[in-house]
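The following note sets out points for a colleague reading this model.

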Number of protein chains: 2
Amino acid sequence: MEALKKCILKQVSINLISLENILSAFECAEIKKGDYFLRSGDLCRKMAFIQTGYLRMYDTVQGKEITFWIGSSGRFITSLSSFVFQTRNFWNIEAVTDCKLYVIGRENHFHLCKTEPKWLEFDNALLAHSFALLERSMFAQLHTTARQRFDTLMAEEPELFHYVPLQYIASMIGITPESLSRLRKN
Amino acid sequence: MEALKKCILKQVSINLISLENILSAFECAEIKKGDYFLRSGDLCRKMAFIQTGYLRMYDTVQGKEITFWIGSSGRFITSLSSFVFQTRNFWNIEAVTDCKLYVIGRENHFHLCKTEPKWLEFDNALLAHSFALLERSMFAQLHTTARQRFDTLMAEEPELFHYVPLQYIASMIGITPESLSRLRKN
DNA sequence: GTCATTTCTTACCAAATGTCAAGAGAAGTC
DNA sequence: GACTTCTCTTGACATTTGGTAAGAAATGAC
């Protein structure tokens, strides 16, 4: 759980006992390419830290899969509002490659929130950072061209292009696979 | 502060003493059309509940103002990550009409988080709801046409079109004022 | 009310992106 | 290794949206 430990220490200063207590609430899980971490229609009862691999979040609209986000190592993934409020979730979360995850269940998470103040602090930071990240993509979506978004993604997450089918990447930046193919060509 | 009270009660069950304690951390503020609640470059030290009026969040890119969001009565507005982490903020928050606000400072907010568990609970819900809202707009941005986004906004927030300059609305759904004008024509 | 300023609309044309269909290439299966 | 299936690319064309510039309409200032 080294990676998760580092991720937490990067955000909050915390003593080893608390840290170990938090880590012990997580369970290792491996899922194979094509497996689902979460399915549309289910309640989301868990959150995952991605140790290795890629997962994508998508929804199907008029027969087409729209990939909203692709999570990579070092990030958390869950269906946030369903996880928090136990409302019906509409996202699918599918492993794009074989993945190693550290998974925490809802009960453990909320128990930690009450018993380990540092976990609550970490959770808040996680939320705020996720919000800022989303804000940034949304803003880009509002005023940039497909080419600019492609270039930015290429610069910031080049590994994505090696491991994730291009059609998912295209969808994530709001274009068709054909358009992405043309952008790559030039 | 009736509106704010209702907003809180809608999210969490809370006793009157705590509720009054929370409300007393807010101050009334009136700002005139054109005034700024926050300017790009500043640290964001406060968060506002909008009692009446409209405010827009925007940033300037290559000489053009891009409106990211328009807040209306019953909603909170702040530059989230700057408010939370005290990082340099890049959003401008400007009153589009005269506004009545209830404002809470950062110190008061974090003090309440420690002393009034219900405020923390409310804050978490607020964050999660904001995230879900943003998620939804972003998703729409990925797979819908300008016309669809226009129709949706028209159906969900028709008042916006009465009180907010169309150029800001256009920007918020990722199109030019000219395009919005054409959509409105048909 | 009159004038100046800002905002909105319109027309024309250009550029970006989507759609469809076909085929090439890569990956998975037996 | 041959086959099937999935993924990516390409070309032709359609559609959507943007850019520019001009004028109309609305708003604000005096």
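In the counts by class below, Ala, Val, Leu, Ile, Met, Phe, Trp, Tyr, Cys and Pro are taken as nonpolar, Asp, Glu, Lys and Arg as charged, and the others, Gly among them, as polar. On that basis the surface near DNA strand D has five nonpolar, five polar and six charged residues. The model is predicted, and the points that follow should be read accordingly.

1. Surface near DNA strand D. There are 16 residues around DNA strand D, and those that come nearest are A:Leu166, A:Ser181, B:Thr145, B:Ala146 and B:Ser179. Both chains take part: α8 (166-172) and α9 (177-185) of chain A, and α6 (146-156) and α9 (177-185) of chain B, each supply at least two residues of this surface. The largest share, six residues, comes from α9(A).

2. Surface near DNA strand C. Around DNA strand C there are again 16 residues, of which A:Thr145, A:Ala146, A:Ser179, B:Leu166 and B:Ser181 come nearest. Here α6 (146-156) and α9 of chain A and α8 (166-172) and α9 of chain B each supply at least two residues. The largest share of the surface near DNA strand C is the six residues from α9(B). By class, this surface divides into five nonpolar, five polar and six charged residues.

3. Relation of the chains. Chain A is superposed on chain B by a rotation of 180 degrees, with 0.0 Å of shift along the axis and an RMSD of 0.0 Å. That is the relation of a two-fold axis. The same surface serves both copies, since 100% of the contact residues of chain A recur in chain B.

4. Interface between the chains. How many residues of each chain are in contact with the other? The contact joins 22 residues of chain A to 22 residues of chain B. On the side of chain A that touches chain B, β5 (64-71), α3 (80-85) and α5 (117-143) of chain A each supply at least two residues. Of these elements, α5(A) gives the most, with 13 residues. The residues on this side of chain A divide into 14 nonpolar, seven polar and one charged.

5. Packing of α5(A) on α5(B). The axes of α5(A) and helix α5 (residues 117-143) of chain B come within 10 Å and cross at roughly 25 degrees. An angle under 35 degrees counts as roughly parallel, and α5(A) and α5(B) are therefore roughly parallel to each other. The crossing in which α5(A) passes α5(B) is left-handed. Among the residues that make the contact are A:Leu127, A:Phe131, A:Leu134 and A:Met138 of α5(A), together with B:Leu127, B:Phe131, B:Leu134 and B:Met138 of α5(B). The contact of α5(A) with α5(B) comprises eight nonpolar, six polar and two charged residues.

6. Packing of α6(A) on α9(A). Which residues of these two helices meet? In α6(A) they are A:Ala146, A:Arg147 and A:Phe150, and in α9(A) they are A:Ser179, A:Leu180 and A:Leu183. By class, the contact of α6(A) with α9(A) has four nonpolar residues, one polar and one charged. The two axes come within 11 Å and cross at roughly 70 degrees. Angles of 65 to 115 degrees count as roughly perpendicular, and α6(A) and α9(A) are therefore roughly perpendicular to each other. The crossing of α6(A) and α9(A) is right-handed. This pair also bears on point 2: A:Ala146 and A:Ser179 are among the residues that come nearest to DNA strand C.

7. Packing of α1(A) on α2(A). Helix α1 (residues 2-11) of chain A packs on helix α2 (residues 16-23) of chain A at an angle of about 130 degrees, with the axes 11 Å apart. That makes α1(A) oblique to α2(A). The crossing in which α1(A) passes α2(A) is right-handed. From α1(A), the contact is made by A:Leu4, A:Lys5 and A:Ile8, and from α2(A) by A:Leu19, A:Ile22 and A:Leu23. The contact of α1(A) with α2(A) has five nonpolar residues, no polar ones and one charged.

Notes:
Residues numbered from 1 in each chain as written. Chains lettered and ligands numbered in written order. Predicted model: local features only at pLDDT ≥ 70, side-chain atom pairs only at ≥ 80, totals over all residues. Least-squares fit on C-alpha atoms with pLDDT ≥ 70 in both. Contact = placed C-beta atoms within 7 Å. Axes fitted to C-alpha atoms, helices over the stretch in contact; angles between N-to-C directions. Helix = DSSP H or I, 4+ residues; strand = E, 2+ residues; numbered from the N terminus. Parallel < 35°, antiparallel > 145°, perpendicular 65-115°, else oblique. Left-handed = near helix turned anticlockwise from the far one by under 90°. Near = placed C-beta within 6 Å.
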